[in-house]
Amino acid sequence: MITLALLVSGLLMQAREYSPKFYCGVVKADSWTMNNNLEGIYEYDLAGQTLTKLTEGRDVYQAPLGGAVYEGGKMKGIHFKTVWDDFDQTNTYILYHVEYDMETWERTLAVTLGDMDRNYISSCGMAHDPVTGTNYGIFYNFNMSWQVVNRKLATIDFSTNTPTRTILGNASIPMAAIACNDQGVLYGIGQDGWLYAISTANVGSGTEVEVMPLGDLGIDNISTNPSSMTYDAHTGRFYWSVVLNDQKCYLYEVNPNIGSVAATQLMQTPDNSWLVNLCVIEPKAADEAPAAVNDLAVNFEGASTTGTVSFTAPTTTYEGNPLTGTLSYTITANGTEVATGTVEAGAHATATVTVPAGDVEFIVTVANEVGTSPEAKLTTYVGPETPNAPTDVLFDYNYDTKQVTLTWNAPAMGIHEQPLDPEALTYNVYRVPGGQLIGEAVTGTTFTEEFDPESLAGYMYKVEAVNAGITGEAAESNKAVIGPALDVPYTNNFNTEASFDLLTVLDNNHDGVTWHWERQYSGGGRATYYRSTENDADDWLLMPPINLKRGATYSITFDANTAISNDVDYMDVAYGQGFNTEGYETLIDHIIMNEPVTHTYRNDTIVPAKTGVYYFGFHCTSVANYGWLLLKNVSIRMVQDASALMGDVNADGKVDIADVNIVINIMLGKDDAANYDGRAYVTEGDEVVDIADVNAVINIMLGK
């Protein structure tokens, strides 16, 4: 079997004159210093004798030391690194299965195999059979002490996270490098300097595989350092990078033809770079085939899936010579042919195409009698755009009407950066917890619902935009605590994390840095705000909803301090109804804390203007990169109850016409009413004092 394939290989016609380029990993170079290693993927240009790094920075995994193959647009391999084992007091190895995209060289997979999967290392590199797609390696068979017992020829399948090896047989001849030719014959260069053909028949792990010596390459000083070989079908030659005993790395061209086996030294590698995982970069087109098209563009209006693809035909061949005449073109969309035609060299062409909605990769090629051009590619989204999530979803609640009000901003763009028509969007609204859909196909950017929860709990809403039937990602509102309000007295020492559950946190600057519960080292806990390094604080901590009476007097006390010496925290305290804190009344303004000493703060003069449900809020306004605000022992209580006769303005124990006259004078702004507080009286709000206002006041006074 080996002999027949070798004879066919020997009949290869002399390839046209050209100079190959290679992908390779570089693991060492003379100019590197300890802090300036540049392991990674390089392009090796044989004609220019240059190595060009294809990726930025350092990535040791891009140069797998255990061998790699190139298949399906991916480089797949085994990397290992040395680590010190404290238990065994010796060096051991950690192995990784890695994978990279060959267009971007971005890592697409990195799985730790662990030190027990040690028999994945093929020191002579790996070989990919282009005929069958099989990958081969000659793998060390280690014992538990990382000593080499023997070597096994095996196939390796990288299709799963943990590669699968299938042992074909023992391989007693140490190989420096292996590679397959274009007919699937496996070759190896032994540490003894001979070229071998290696049988890939499965003879079992206890039996030697068949190895045929083809010729002495005349090199007898091969080191055990990394070595790599690849086959170039254009020349019918192997290219071999090897580090010799002088610690210099050389590139050889190896002729495998029977009767003329030889290795020709081409050069020392640039910067004495040690190369692994050589792979020939196939030319993208024949020399006299057209170059790639220029000015590739697509145009699809709005949500339409019918549009145009346009391009300019090339004026040169792939090699750079002038190009004339008529060219044929082909346009594919996600691999499906959607248009063909002809175009003159250098002319502009436009084709109308219809494609499925979604992300579409358009590929355009042109061809002449010699061959097809390299591909020109463009990926875009076609069809109805998927909307981005709405922004600034705000949740407010009115206890008087039991009504939730949601507002938000419509997304202006979709996820593919296409503009949206805000008037064409609808929205779905969900209440959490429960995830119940409570609003479907909502128009506009406001939603209201009557909601009277039976128990006090934290709620939030999610809003998702819908564009032409396509639903985008949901945005979350602020989380807020609503339900049956609590009565005073209310206290919270924050000693448990559960004590934080009925508090509402408003992260007004949306930076993710806000109030949270923190355990104390001495036991218990506290509410705390810890600094943002970038943003000034604008964060509210609201106590649970509390029932307050019009005309009663209330007190709030709390302990607060900053946790760090010479640091500064700022805080305001206010109260109000709902979650729009802009309308809150300030109780304690601009508290400054600059030492880790706890202070008790108090306001005993809180008189609500109306009976209702209120939230007491602590507003942290510390500047960026400062502060560690601590809050403890919040207490809200009634100091004095409201008068039993709220209409008894003159305090004579009865509600009569004298009280009405006083209230009317207050409403009219008369001087003789200056001694009375009109805050408790609510008029019709039309800015005109008339009989309607008097009637409203009388009803209030009568408790109606």
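**Enclosed space**

I looked up the largest cavity first, and about 40 Å³ of space lies in it. This is a predicted model, so I keep that in mind for everything below. With a threshold of 30 Å³ or more, I get a count of 1 cavity.

Sorted by class, the lining has 7 nonpolar residues, 1 polar residue and no charged ones.

**Open space**

What volume does the largest pocket have? I get about 1,400 Å³ of space in it. I count 46 residues in the lining of the largest pocket, and Tyr23, Cys279, Val280, Ile281 and Glu282 lie nearest its centre. Several strands give two or more residues to that lining: strand 1 (21–28), strand 2 (40–45), strand 4 (68–71), strand 8 (126–128), strand 12 (175–180), strand 16 (228–232) and strand 20 (274–280). By class I note 25 nonpolar, 9 polar and 12 charged residues in the lining of the largest pocket.

I then picked out an open sheet of 3 strands, with the order 21-22-25 and antiparallel pairing. Which strands stand at the edges? They are strand 21 (294–299) and strand 25 (348–354); each has a single partner strand, so one side of each is left without a neighbour in the sheet. From one strand to the next, the twist averages 15°.

Strand 22 (residues 306–312) pairs with strand 25 in the antiparallel sense, over 7 bridges. As a landmark for the viewer, I marked serine 310, whose bridge partner in strand 25 is threonine 350.

**Whole chain**

Last, I zoomed out. I find 3 helices and 48 strands in the protein chain. How much of the chain is buried? Of its 704 residues, 48% count as buried. I also looked at contacts between residues at least 6 apart in sequence, and 59% of these join residues at least 24 apart.

Notes: Residues are numbered from 1 along each chain as its sequence is written. This is a predicted model: local features need pLDDT of at least 70, side-chain atom pairs count only at pLDDT 80 or more; totals for chains, interfaces and linings use all residues. Side-chain values use heavy atoms; hydrogens and water are left out. On a 1 Å grid over the protein atoms alone, a cavity is a set of points where a 1.4 Å probe fits but cannot get out, and a pocket is an open set with protein on both sides within 12 Å along at least five of seven lines; lining residues have an atom within 4 Å of a point. Grid points are joined across faces, edges and corners, and a volume is the space filled by probe spheres set on the points. Ala, Val, Leu, Ile, Met, Phe, Trp, Tyr, Cys and Pro count as nonpolar, Asp, Glu, Lys and Arg as charged, and the others, Gly among them, as polar. Two strands pair if DSSP finds at least two bridges between them. Helices (H or I, at least four residues) and strands (E, at least two) are DSSP runs, numbered from the N terminus. Axes are lines fitted to C-alpha atoms, for helices over the stretch in contact, and angles run from 0 to 180 degrees between N-to-C directions. Buried means under 20% relative accessible area, exposed over 50%, partly exposed in between (1.4 Å probe, protein chains only). Contact means heavy atoms within 4.5 Å.
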